[in-house]
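Subject: Structure for your review

Dear colleague,

Please find below the sequence and structure that I am handing over to you. My notes on what was found follow directly after.

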Amino acid sequence: MYAAVLWVAASFPNPDPMTNCGLVRVLESSRFLSPCLNQRVNNGRRSSSSSVMSCRRRRLSSVVSSSIVASPAGEITLSSEEKVYNVVLKQAALVNKQLRDLDDDVKKPQDITLPGTGSFGTGSLSLLGEAYDRCGEVCAEYAKTFYLGTLLMTPERRKAIWAIYVWCRRTDELVDGPNASHITPMALDRWEARLEDLFRGRPFDMLDAALSDTVATYPVDIQPFRDMIEGMRMDLRKSRYNSFDDLYLYCYYVAGTVGLMSVPVMGIDPKSKATTESVYNAALALGIANQLTNILRDVGEDARRGRVYLPQDELAQAGLSDEDIFAGKVTDKWRNFMKMQLKRARMFFDEAEKGVTELDAASRWPVWASLLLYRRILDEIEANDYNNFTKRAYVGKAKKIAALPLAYAKSLLKASSSR
């Protein structure tokens, strides 16, 4: 995922036979097609402000369109950023509600049915603990630095982040893993049905059970999880993006969603006066920034798979085309184009920094580490003279270690005392 990314979705290149063993076969079967039941509503936390979006628009107006636009037929449609912000508002409302419920001493019932054990009870605690441990083992094996970052968190939050990571990894592997060629849209529909079951407390397997327990404990909403699956659907049917507005929505689906999943677990500093929406926006911005960084780092690798994730209209404005990318030649046009793309990614990192300080103190260090280390990949692209066709930009171990003290120092900054 990164060096210690907790807000960010990233690629999971190494298949894990333990997490996805037989998953394609299960998805293509009808075993977890179940009758629709009433969806459980999660609880939420903190204050809100309708002015956040307008402020964010002003800051990012040169980066992404966020206005309401009219279709050729005269219908009013929302831009990608507006659509995503509607999800942000919902997540913030859940957190606000949780705070109110905590003030009223409202307790959520723990009602999870573990696979093969019947209703959840005290006798099932050991099985659930084993499920969390297995999630931790997956993180430790396939995302080593990410795993080390989670060790800086409290034990309960650490386990919950492991569960979220494993679900995201398994979802990503559906379209990028060794069995990707066998995945169909129907398989993703069934994976989504399985997601809905685990949110209702009926997990399909023990790894799902860990996430089911997590979403019952924290005010995590199902929508970001559904949206990540939608990002996988986009990968099945789409290999080009006409504009940055289109690409922004994709980046939200596959990366920004993880921020919305994780903030309720990491928590917001009780002393922070920042609005919940602003913290969620920062988490979203970090996800977008990291996915843009992935795209800019992997231009050559994606091109060899027939994919171009760069905005087609901006390529044309720079005098470039897909053919130039497939040719893999670094020219002055390409350098100028890349400078603009790197600038935009850095602006999203700048936006993300505003929210890290507002997180709970125990969660700041790993998030700062993730931000600083992933941002340095952009520096490495520049150091490679913008050759992201044949050279892979990465941050070396020495630079990673050197960044940790700075991340720790930044994590000591106190949350804002006023809005």
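The count of aromatic pairs in this predicted model comes to 14. One of the pairs is formed by tyrosine 252 and tyrosine 253. Their ring centres are 5.6 Å apart and their planes stand at 50 degrees, so the pair is classed as tilted. Tyrosine 252 is buried, at a relative accessible area of 1%, and tyrosine 253 is buried as well, at 14%.

A further pair joins tryptophan 334 and phenylalanine 389. Here the ring centres lie 4.7 Å apart and the planes meet at 35 degrees, so this pair too is tilted. Which parts of the chain does the pair tie together? Tryptophan 334 belongs to helix α16, residues 332-356, whereas phenylalanine 389 lies in the loop between α17 and α18, so the contact links parts that are 55 residues apart in sequence. Tryptophan 334 counts as buried, with a relative accessibility of 1%, and phenylalanine 389 is buried with a relative accessible area of 4%.

Aromatic residues also gather in a group: Trp167, Trp191, Phe199 and Phe225 form one cluster.

The charged end of arginine 169 sits over the ring of tyrosine 142, at 4.2 Å from the ring centre. Likewise, the charged end of lysine 410 sits over the ring of tryptophan 368, at 5.0 Å from the centre of that ring.

I turn next to the nonpolar core. In soluble globular proteins, nonpolar side chains tend to be buried together. The largest nonpolar core of this model has 111 residues. Which of its residues touch the most other members? They are Trp167, Leu247, Tyr252, Leu310, Ile325 and Trp334. For leucine 247, the contacts can be listed: leaving aside residues up to four places away in sequence, leucine 247 touches Tyr241, Leu292, Ile295, Tyr309 and Pro311.

The cysteines come next. How many disulfides are there? The count is 0. Cysteine 139, for example, is in no disulfide, and the nearest cysteine sulfur, which belongs to cysteine 135, is 7.0 Å away. A disulfide would require the two sulfur atoms to be within 2.5 Å. Cysteine 139 is buried, with a relative accessible area of 0%, and cysteine 168 also counts as buried, at 1% relative accessibility.

Aspartate 385 has a phi near 55 degrees, which is a positive value in a residue other than glycine. Aspartate 385 is placed in the loop between α17 (361-383) and α18 (397-411). Tyrosine 386 lies in the loop between α17 and α18 too, and its phi is near 65 degrees, again positive in a residue other than glycine. Are these two residues buried or exposed? Aspartate 385 is partly exposed, because its relative accessible area is 37%, whereas tyrosine 386 counts as buried, because its relative accessibility is 10%. The cut-off for buried is under 20% relative accessible area.

With kind regards

Notes
Residues numbered from 1 in each chain as written. Predicted model: local features only at pLDDT ≥ 70, side-chain atom pairs only at ≥ 80, totals over all residues. Heavy atoms only, no water. Helix = DSSP H or I, 4+ residues; strand = E, 2+ residues; numbered from the N terminus. Buried < 20%, exposed > 50% of the residue type's maximum accessible area, 1.4 Å probe, protein only. Phe/Tyr/Trp six-rings, centres within 6.5 Å; stacked < 30°, edge-to-face > 60°. Lys NZ or Arg CZ within 6 Å of the ring centre and 35° of its normal. Core = buried A, V, L, I, M, F, W, Y, C linked by side-chain atoms within 4.5 Å. Contact = heavy atoms within 4.5 Å.
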